[in-house]
Amino acid sequence: MNFSGQSQSNRSNPAHSIPVPSVDQTSGSRCIETRFGFKATDLIVYPAHGVGQIVAIEEQAVAGAQLEFFVVYFAKSKMTLRVPTRKAASVGMRELSDPAAIQQARSILSQAPRRARGNWSRLAQEYESKIKSGDILAIAEAMRDLYRPEFNSSQSYSERQLYTAALERLSGEVAVVDGVTEEAAVRELESLMTTTATRGA
C-alpha cells in the first residue's frame, strides 16, 4: 500500500488542493509541528476507514470561527477526510499499532473461535461495533469468530460482509506495519485461522 505515491497524486490534482506544507511556505514551522500528538506525513488509523496518511494541517473558517483540521488521505479508497484536530482523539484516530500489538492480534487469530449464540441481529451489531472501534485486538476477535474455512460453507452473506470488513481493516494495518503487500498480509492472517480450523476439524 503506497501512501506516499497515492497522496502525491492527489496533491497534484487542483480539485483536491491538499499540499503538505513545505519549509518555503511556512518558514519551516508547520512541516514539523505536532498537533495533539500528530503531524503531517504521519500514518494513522481512523476507525471508520482504516489506515490513512495525514497530508496537511489546515485552518478553515467555519461559521465565523477559525478551525484547525488534519487532512487525511486514504489511499485504498482514494478518499480525503478532514478531521478537527481537537476531536481526533475522541473520534478514535490513533497511531499505527506497534509490532507487539500486531503479534497479539496474530495470537487471537490462532485461537479457536468463540461461537456466539443468540439473535443474529444482536451478534451482527456486536461484530460491527468491534470492527468500527478501530481497536486492532477487537477487530482480530471479530475476524476470528466470523471466519469460515473453504470446507465450511455455512457463512451467510451478512457474515461474509462483516468478515470482509474486519479482514480489510486488519490486513491493511498489518501490511503497513510489516512493510508487506496487503495481499501477503491477507494470506498470512487467514493461514493462521485455517491452521486452527484444520486442527479442530
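In strand S5, the bridge partner of Ile44 is Glu95. This pair belongs to a predicted model, in which local features need pLDDT of at least 70 and side-chain atom pairs count only at pLDDT 80 or more, while totals for chains, interfaces and linings use all residues. Residues are numbered from 1 along each chain as its sequence is written, and side-chain values use heavy atoms, with hydrogens and water left out. Helices (H or I, at least four residues) and strands (E, at least two) are DSSP runs, numbered from the N terminus.

Val45 has Val51 of S2 as its bridge partner, and Tyr46 has Gly50 of S2. S1 and S2 form a hairpin, with 3 residues between them.

S2 is joined to S3 (residues 65-74) by 9 bridges, and the two strands run antiparallel. Within this pairing, Val62 is partnered by Ala65 of S3, and Gln60 stands opposite Leu67 of S3. The hairpin of S2 and S3 has 2 residues between the strands, and Ala63 takes a positive phi near 55° there. Taken together, 5 strands make an open sheet with antiparallel pairing, in the order S4-S3-S2-S1-S5. S4 (79-84) and S5 are the edge strands, each of which pairs on one side only. Helix H6 packs on the sheet and touches S1, S2 and S5, and the direction of H6 makes about 95° with that of S2. Axes here are lines fitted to C-alpha atoms, for helices over the stretch in contact, and angles run from 0 to 180 degrees between N-to-C directions. Contact means heavy atoms within 4.5 Å.

Phe36 lies in the loop between helix H2 (23-26) and S1, and the phi of Phe36 is near 55°, a positive value in a residue other than glycine. Thr41 is placed in the loop between H2 and S1, with a phi near 90°, which is also positive in a residue other than glycine. Phe36 counts as partly exposed at 43% relative accessibility, and Thr41 is partly exposed with a relative accessible area of 43%. In these terms, buried means under 20% relative accessible area, exposed means over 50%, and partly exposed lies in between (1.4 Å probe, protein chains only).

Helix H3 (residues 99-109) has Ala101, Ile102, Ala105, Arg106, Ile108 and Leu109 as buried residues. Seen down the axis of H3, these buried residues fall within an arc of 160°, so they line one face of the helix; the arc is that of the directions from the helix axis to the C-beta atoms. The face of H3 turned away from the buried side carries Pro99 and Ala100, which are exposed.

H3 meets two other helices. The axes of H3 and H6 (residues 157-178) come within 11 Å and cross at roughly 135°, which makes H3 oblique to H6. Ile102, Ala105, Arg106 and Leu109 of H3 make the contact with Leu170, Val174, Val177 and Asp178 of H6. Angles under 35 degrees count as roughly parallel, over 145 as roughly antiparallel, 65 to 115 as roughly perpendicular and the rest as oblique. H3 passes H6 in a left-handed crossing. A crossing is left-handed if the near helix is turned anticlockwise from the far one by less than a right angle, and right-handed if clockwise.

With helix H5 (residues 136-146), the axis of H3 comes within 9 Å and crosses at roughly 20°, so H3 is roughly parallel to H5. This crossing of H3 and H5 is right-handed. On the H3 side, Ala101, Ile102, Gln104, Ala105, Ile108 and Leu109 meet Ile136, Leu137, Ala140, Glu141, Met143 and Arg144 of H5.

Arg106, in helix H3, counts as buried at 14% relative accessibility. Leaving aside neighbours within four places in sequence, Arg106 is in contact with Val174, Asp178, Glu188, Leu189 and Leu192. Arg106 and Glu190 are 84 residues apart in sequence, and their C-alpha atoms are 9.9 Å apart in space.

How values were computed
Pairing = 2+ DSSP bridges.
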